[in-house]
Amino acid sequence: MDSFLIALNAVMPTFLLLAFGYFLRNAHFVDGAYLKKTNALTFKFFLPVLLFNNIYKTQIAEVFDGTMFLFGVGSLLVLFGVLCLIVPRVVREPRQRGVVIQGLFRSNYVIFGVSLVTNVFGEAHAAAASMLSAVLVPMYNVLAVVALAFFTSGERVPLKSTLKSIALNPLILAGVLGVLASLVGLQFPTFLETALNDVARLATPLALIVLGGDFSFKSARGNIRLAMTAVAIKLVVIPLVFIPLAVMAGIRGANLLALSLAWETPVAVSSYIMAQQAGADDQLAGQLVVISSVCCIPTVFLMIFILQSLALL
């Protein structure tokens, strides 16, 4: 019963915030233009502040788990390589190949990962998830560029400008600055510390509300068989492969949950935008985002419940 309640308490706040955003949009309290502006504000300011705030206040030497980071990076590269070999052989439509590849390895980790680790272990243990996101986010973007550039027929992603935008990504910059601030032992005045904490607390609720407001059941229609198959592989098959391996590697607690959410969280919203830029099947990319966002609620719940029942968290 304790494991059930822990899993429920971890997942339900995320679900309720998504549902609240969906309600606000469909009850016409907010519109698409407002959500678009709020989304940009959240990703350019609030989430970077959250990322920086979680990292800079920690003693990196104490929370850094080399095994977790090596496993996270290694598993992502292995998964990407396997997908590049298999997906082009089973997906017939060239415009869908890069979309499926990035949909299977790319997760909305910044929003879901830090939030769920915080819900289960508290803010004091969110640093590992934040630091992992600082590593995974640039990797997701670079590998997505490669997948779309090599497996999509049509206009290719402008590699140089895309890599430049990755380097200037606010989340990446915030992660780097957070690490530097932690290493030099930077201390802010109390009034500035309070302001940073207040802004950081806004990030996750706003991001989830906006994501819920952008959700549309209509966009889940079409290519349903391919989309559902891809989501099932992403949220069930891939975690079943890598989570047991992470456990065998000795990873436990908040680090295990942070790593597990790199595979278990839904497809990143930005994958839809990148598919458009590449001349790929952006409709399928949007469907993967929508369907995985819905289906991840029960799968994340079951994952946390099982890991907690096995005393691994």
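Tutor: A helix here is a DSSP run of H or I with at least four residues, a strand is a run of E with at least two, and both are numbered from the N terminus. Keep in mind that this model is predicted.

Student: How many helices and strands does the protein have?

Tutor: The protein has 14 helices and zero strands. Read along the sequence, the pattern is α-α-α-α-α-α-α-α-α-α-α-α-α-α.

Student: What radius of gyration would a compact globule with 313 residues have, and what does the protein have?

Tutor: A compact globule with 313 residues would come out near 20 Å. The protein has 19 Å, so the value agrees with the rule. Along its principal axes, the C-alpha trace spans about 55 × 45 × 45 Å.

Student: How much of the protein is buried?

Tutor: A residue counts as buried under 20% relative accessible area. Of the 313 residues in the protein, 51% are buried. Now look at the outside. The accessible surface comes to about 14700 Å². Carbon and sulfur atoms hold 68% of that surface.

Student: What share of the contacts joins residues 24 or more positions apart?

Tutor: Take the contacts in the protein with a separation of 6 or more. Residues 24 or more positions apart account for 85% of them.

Student: Next, the spaces inside. How many cavities of 30 Å³ or more does the structure hold?

Tutor: A cavity is a space where a 1.4 Å probe fits but cannot get out. The structure holds three cavities of 30 Å³ or more. The largest cavity has a volume of about 60 Å³.

Student: Which residues line the largest cavity?

Tutor: Find Gly72, Ser75, Leu76, Leu79, Phe105, Leu136, Tyr140, Leu259, Ala262 and Trp263. Helix 4 (66-90), helix 7 (127-151) and helix 12 (253-264) each give two or more residues to this lining. Helix 4 gives the most, with four residues. By class, the lining has eight nonpolar residues, two polar and no charged.

Student: Now the second largest pocket. What is its volume?

Tutor: A pocket, unlike a cavity, is an open set of points. The second largest pocket has a volume of about 440 Å³. Its lining holds 22 residues. Nearest its centre lie Leu50, Asn54, Thr118, Glu123 and Arg201.

Student: Which helices supply at least two residues of that lining?

Tutor: They are helix 1 (2-26), helix 2 (32-56), helix 6 (109-121) and helix 10 (190-214). Helix 10 provides the largest share, six residues. By class, the lining of the second largest pocket divides into ten nonpolar, nine polar and three charged residues.

Student: Is His28 buried or exposed?

Tutor: Exposed means over 50% relative accessible area. His28 has 71% relative accessibility, so His28 counts as exposed.

Student: Where is Ala311 in the chain, and what is its phi?

Tutor: Ala311 sits in the segment after helix 14 (282-309). Its phi is positive, about 60°, and Ala311 is not a glycine. Ala311 counts as exposed because its relative accessibility is 62%.

Terms used:
Residues are numbered from 1 along each chain as its sequence is written. This is a predicted model: local features need pLDDT of at least 70, side-chain atom pairs count only at pLDDT 80 or more; totals for chains, interfaces and linings use all residues. Side-chain values use heavy atoms; hydrogens and water are left out. On a 1 Å grid over the protein atoms alone, a cavity is a set of points where a 1.4 Å probe fits but cannot get out, and a pocket is an open set with protein on both sides within 12 Å along at least five of seven lines; lining residues have an atom within 4 Å of a point. Grid points are joined across faces, edges and corners, and a volume is the space filled by probe spheres set on the points. Ala, Val, Leu, Ile, Met, Phe, Trp, Tyr, Cys and Pro count as nonpolar, Asp, Glu, Lys and Arg as charged, and the others, Gly among them, as polar. The radius of gyration is taken over C-alpha atoms; the globule rule is 2.2 Å times the number of residues to the power 0.38. Buried means under 20% relative accessible area, exposed over 50%, partly exposed in between (1.4 Å probe, protein chains only). Contact means heavy atoms within 4.5 Å. Accessible areas come from the Shrake-Rupley method with a 1.4 Å probe; for residues, only the protein chains shown count as cover.
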